[in-house]
Amino acid sequence: MAAHQPDAGADSFGTDRIELLRRWILGVLVLGLLGTVTELVLLEHYEQPMQFVPLVLIVAAIAVLAWDFRRHDAASRRAVQIVMALFVLAGFIGFMAHFYGSAEYQLELNPDMTTWELLERVLRAKAPPLLAPGMMLQLGLLGLAYVFSDSRYRRSEVK
């Protein structure tokens, strides 16, 4: 019995689908970056040095994505990977910064509250929003999906 040979047309169709999906991922990623930077600027999320981190990362992401879109080479792809990994890291660090900032504020209001009361108030606090840095995490993961779905990346890793 002969082994099944994939049809060249079917492979092209699958590649076309992946490229269409990659374009959609890139579009959603760019919209997310633009929406997030707009929101951060409107919220004046630049009053303290640590608050500049997401703004700087978003500018870096837009720059490396534009570079990758134009050049589409190994260096630009690696730059996108690095910036998106920094997004993921920033998401976790931002979550901790928001948590500790909110906890500090809540303890100033009522230093006698129990740990459970503190946790409950931090989780319900509107400022700083505890889960807002999760957007950085999501954007970073979306960017990594964009990079790792590149057929040229997959071929270069097989060698």
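Where is the place of His 72? In this predicted model, His 72 sits in the loop between H2 and H3. Most residues other than glycine have a negative phi. His 72 counts as buried because its relative accessible area is 18%, and buried means under 20%.

Glu 44 lies in the loop between H1 and H2. Its phi is near 55°, again positive in a residue other than glycine. Glu 44 has 41% relative accessibility, so Glu 44 counts as partly exposed.

Between these two loops runs H2. Helix H2 spans residues 52-71. H2 has 20 residues and reaches 28 Å from its first C-alpha to its last, close to the 28 Å expected at 1.5 Å a residue. Its buried residues include Leu 57, Ile 58, Ala 61, Val 64, Leu 65 and Asp 68. An α-helix has 3.6 residues a turn, so residues three or four places apart point the same way.

Now turn to the largest pocket. Its volume is about 770 Å³. The lining has 26 residues, and His 45, Gln 51, His 98, Pro 128 and Pro 133 lie nearest the centre. H1, H2, H3 and H5 each supply at least two lining residues. H3 gives the largest share, seven residues. By type, the lining divides into 15 nonpolar, eight polar and three charged residues.

Pro 128 is found in the loop between H4 and H5. The peptide bond from Ala 127 to Pro 128 is cis, with omega near -10°.

Methods: Residues numbered from 1 in each chain as written. Predicted model: local features only at pLDDT ≥ 70, side-chain atom pairs only at ≥ 80, totals over all residues. Heavy atoms only, no water. 1 Å grid on protein atoms, 1.4 Å probe; cavity = no way out; pocket = protein on both sides within 12 Å on 5 of 7 lines; lining within 4 Å. Points joined across faces, edges and corners; volume = space filled by probe spheres on them. Helix = DSSP H or I, 4+ residues; strand = E, 2+ residues; numbered from the N terminus. Nonpolar A, V, L, I, M, F, W, Y, C, P; charged D, E, K, R; others polar. Expected span 1.5 Å × (residues − 1). Buried < 20%, exposed > 50% of the residue type's maximum accessible area, 1.4 Å probe, protein only.
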